[in-house]
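Reader: Could we go through this model together, with the general idea given before each case?

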Amino acid sequence: MSKVAIIRCESYDETEVKTAIKKGLDLIGGAETFVKPGENILLKPNWIMAVSPERCATTHPSIFRAVCEIFLEAGAKLSYGDSPGRGTSEDETTEAASATGFLEISEELGIPLADFIHGKEIQTEMQTFFVANGPLDADGIISLPKLKTQGFLKLTGAVKNQFGCIPGRRKGAYHQQLPKPADFARMLIDLNMFLSPRLYIMDGIMAMEGNGPMNGDPKKMNVLLLSSDPVALDATVARLVNVNPEYSYTVSLGMQAGHGTYLDSEIELLGDPIESLISYDFNINRNPISNVRGQGVFSFDNDAGVPKPYIEEEKCLRCGVCIEMCPVSPKAINWANNGTDESQPPVYDYSRCIRCFCCQELCPHGAVLIKEPE
């Protein structure tokens, strides 16, 4: 039986957050269940980009402080870090740590920023990964995901959070190799099974709905979730936002892979009643994810059943991040007139577009949206 602690927490007040996390930990075995004195434990938040906590795109720093204090008290030696989507240098990673509010806390508590720039290749049964040194050097990982919508896989959560252990723009190669959402989800599950975080603590006090995972709208959910089973946690999150858990590939395929369970009969919910925290009006696509991807007759410009990214021209500041982050070659999005006219918003060639939505995820200005099929 997988345990998921659901704890109501209505603000980011540091005392309230620490009390709530301690309550959740006590319900699933206590801090000493997950760490031993002297172990090197990596705390892995979600930093999609170097943005402030008020954007609700990243794990809140009060969660980080509380987790640090609790596990330092348990005798663990901590480090922390993540690799944002554009994080290819130490300066960019440090910038993300600073903007998200983590750097100040880590310096106060004496917790080093782990190496998320350099790494090495590892081989699983399914995939070759280039994984950052920080996760590889740790004795164990505690994952701190954020409750957010995500265009490609519906929700980002406990399973997907470890994709940030792949440094910077190397992530784009996996989108190019695995354009189908189901295949991409299997890759995430395989990576997560290799890294095998001991504990997941999800920040859902202020979530993100709509055009997530970077440019959606803040949504007050008043909840923290804790579990050692990432599939059960993500399934519980799906239920909290009124989505069928089977419509999330990381949940349904995660259970098939033996990485956890989404079945009600196999999940013990502890803490506050889930019914009091469900958001029936959470802005999210509640339809199944389309797994149609291909060429020829199945190419995207001929396939009316596949969502596609598009640009709201009045929001576009012509920064070029969408072009920079497009993983395919030739680019599926580029400046007009064969890449020469930067005076206009970029334009899509949907026959090349693999629907990875990297452009939508990482647009700093929220100008890229997803158009659902009729």
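Author: Let us start with P213, which lies in the loop between strand 9 (199-209) and strand 10 (217-227); helices (H or I, at least four residues) and strands (E, at least two) are DSSP runs, numbered from the N terminus. The model is a predicted one, in which local features need pLDDT of at least 70 and side-chain atom pairs count only at pLDDT 80 or more, while totals for chains, interfaces and linings use all residues. Residues are numbered from 1 along each chain as its sequence is written, and side-chain values use heavy atoms, with hydrogens and water left out.

Reader: Is the peptide bond from G212 to P213 cis or trans?

Author: Most peptide bonds are trans, and most residues other than glycine have a negative phi. The bond from G212 to P213, however, is cis, with omega near 10°. A cis bond also joins S329 to P330, with omega near 0°, and P330 sits in the loop between helix 10 (321-325) and strand 13 (333-334).

Reader: Which residue has a phi near 60° although it is not a glycine, and is N222 buried or exposed?

Author: N222, whose place is in strand 10, has a positive phi near 60°, and it counts as buried because its relative accessibility is 13% (buried means under 20% relative accessible area, exposed over 50%, partly exposed in between, with a 1.4 Å probe and protein chains only). N338, in helix 11 (residues 336-339), also has a positive phi, of about 60°, but N338 counts as exposed, because its relative accessibility is 81%.

Reader: What does Q150 touch?

Author: Contact is read as heavy atoms within 4.5 Å. Q150 lies in strand 7 and counts as buried because its relative accessibility is 3%; leaving aside residues up to four places away in sequence, Q150 touches L155, T156, K160, G212, P213 and E361. Its side chain makes a polar contact of 2.5 Å with the side chain of E361 and reaches the backbone nitrogen of L153 at 2.6 Å (a polar contact is a pair of N or O atoms within 3.5 Å; within protein, one must be able to donate a hydrogen and the other to accept it, and residues adjacent in sequence count only if both atoms are side-chain atoms).

Reader: Which residues lie nearest the centre of the largest pocket?

Author: A pocket is an open set of points on a 1 Å grid over the protein atoms alone, where a 1.4 Å probe fits, with protein on both sides within 12 Å along at least five of seven lines, and its lining residues have an atom within 4 Å of a point. The largest pocket is lined by 26 residues, of which Q150, G151, N285, I370 and E372 lie nearest its centre. Strand 7 and strand 15 (368-371) each supply at least two residues of that lining.
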